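Have the viewer open as you read.

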Amino acid sequence: MFVKDVRRTEQKYRKPRNIIMRIEPSAIGFDIDGVVADTTEAFIRILNKKYGISGITAADIVEFDVCQCLNIEPEIVEGTFAALLTDPIAAEMRPLPGAVSVLQCLGRQAPLTFITARPLRRPIADWLSHVLGRETFQNSNLIAMGDHDGKASHIRKAGLNYFVDDRYETCVELETGGDITPLVFTQPWNKGRHQLQSVSSWLEIAQLCHL
Ligand SMILES: [Mg+2]
């Protein structure tokens, strides 16, 4: 989930076919919003607290570009995301269930890699250190690209073969090279829109990594 992404497809697919695999902890990297971070919860809470907008649930956010599915002024959406971009700790953005324990476990076996479209590195670095703990975060590789496209080159540079992302367009782009296996983290905005392998929880990620 994020703002400023107007591309969408109406194509509907059947349930993706999942393949059993074993992923080495050193071979997998992660997007942050919608994968590690429960950006939806924070977004809905800030809309309510800061702008008095209520009645929106996570199930209502069925587009990556939230302006496409919520009847809210774009300025309000941008203001809400600005709070999450500039100070996610103050915004009390939370990790998704299981993310912290699985990442801490993976981080003990290999350095973690996070690649985000966020334009500001420092605030999200502070947030990751805050939720994962300094010890886990200090050896991590964090790339803030400032763009939704072009993750493949960073993934290759980091020597990864697997990448977990909630934006299915990103995963489709990653798959085309053949050397990266994308895993779509299931969210309402990607359900039924792709045929790629998906994961719907951190427990599934832990199982794929045989933790
Ligand atoms: Mg994301």
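What follows goes from model confidence to domains, core, helices and a few single residues.

## Confidence

First things first: this is a predicted model. The average pLDDT for the chain is 91, and 91% of the residues score at least 70.

The chain splits into domain 1, made of 2-13 + 21-38 + 95-208, and domain 2, which covers 39-86. On the domain 1 side, 16 residues take part in the contact, and domain 2 puts in 19 residues.

What is the side of domain 1 that touches domain 2 made of? Its residues come out as 8 nonpolar, 7 charged and 1 polar.

## The nonpolar core

The largest nonpolar core holds 50 residues, and the ones touching the most other members are Ile-32, Phe-163 and Val-164. Helix α1 (residues 39-51) is the top contributor to this core, with 5 residues. Where does the core sit relative to the domains? Since domain 1 and domain 2 both give residues to this core, it lies between them.

Setting aside neighbours within four places in sequence, Phe-163 is in contact with Gly-29, Ile-155, Leu-174, Ile-180 and Pro-182. Leu-174 turns up again below, as one of the buried residues of helix α7.

Helix α7 runs over residues 168-175, and its buried residues are Tyr-168, Thr-170, Cys-171 and Leu-174. Because they cover an arc of only 150° around the axis, they end up on the same side of α7. The elements covering these buried residues of α7 include α6 (151-157), β4 (162-165) and β5 (181-185).

Which of its residues are buried? In α3 they are Ala-99, Val-102, Leu-103 and Leu-106. Looking down the axis of α3, the buried residues fall within an arc of 95°, so they line one face of the helix. The general rule behind such patterns: an α-helix has 3.6 residues a turn, so residues three or four places apart point the same way. The buried residues of α3 pack against α4 (121-132), α5 (134-137) and α8.

## Strand residues worth a click

Ser-198 sits in strand β6 (residues 198-199). Buried or exposed? Ser-198 is buried, because 23 other C-beta atoms lie within 10 Å, and the cut-off for buried is 20 or more. Ser-198 and Asp-165 are 33 residues apart along the chain, with 9.4 Å between their C-alpha atoms.

Leu-142 belongs to strand β3. With 18 other C-beta atoms within 10 Å, Leu-142 is partly exposed. Leaving out residues up to four places away in sequence, Leu-142 touches Phe-114, Arg-121, Ala-125 and Leu-128. Leu-142 and Leu-112 are 30 residues apart in sequence, and their C-alpha atoms are 8.3 Å apart in space.

## Loops, the tail end and positive phi

Two residues other than glycine have a positive phi. Glu-92 has one of about 55°, and His-210 has one near 55°. Glu-92 lies in the loop between α2 (74-86) and α3 (99-109), whereas His-210 is in the segment after α8. Why does Glu-92 count as exposed? Because Glu-92 has 12 C-beta neighbours inside 10 Å, and exposed means 12 or fewer. His-210 counts as exposed too, with 10 such neighbours inside 10 Å.

Gln-207 is in helix α8 (residues 202-208) and is partly exposed, with 15 other C-beta atoms within 10 Å. Gln-207 and Arg-22 are 185 residues apart in sequence, but their C-alpha atoms are 8.4 Å apart in space. Gly-150, in the loop between β3 (141-144) and α6, is also partly exposed, with 14 other C-beta atoms within 10 Å. Gly-150 and Thr-80 are 70 residues apart along the chain, and 25 Å separates their C-alpha atoms.

Note on methods
Residues are numbered from 1 along each chain as its sequence is written. This is a predicted model: local features need pLDDT of at least 70, side-chain atom pairs count only at pLDDT 80 or more; totals for chains, interfaces and linings use all residues. Helices (H or I, at least four residues) and strands (E, at least two) are DSSP runs, numbered from the N terminus. pLDDT is the predictor's confidence in each residue, from 0 to 100. Domain bounds come from an automatic or database domain assignment. Two residues are in contact if their C-beta atoms, placed from the backbone, lie within 7 Å. Ala, Val, Leu, Ile, Met, Phe, Trp, Tyr, Cys and Pro count as nonpolar, Asp, Glu, Lys and Arg as charged, and the others, Gly among them, as polar. The arc is that of the directions from the helix axis to the C-beta atoms. A nonpolar core is a set of buried Ala, Val, Leu, Ile, Met, Phe, Trp, Tyr and Cys residues joined through C-beta atoms within 7 Å.
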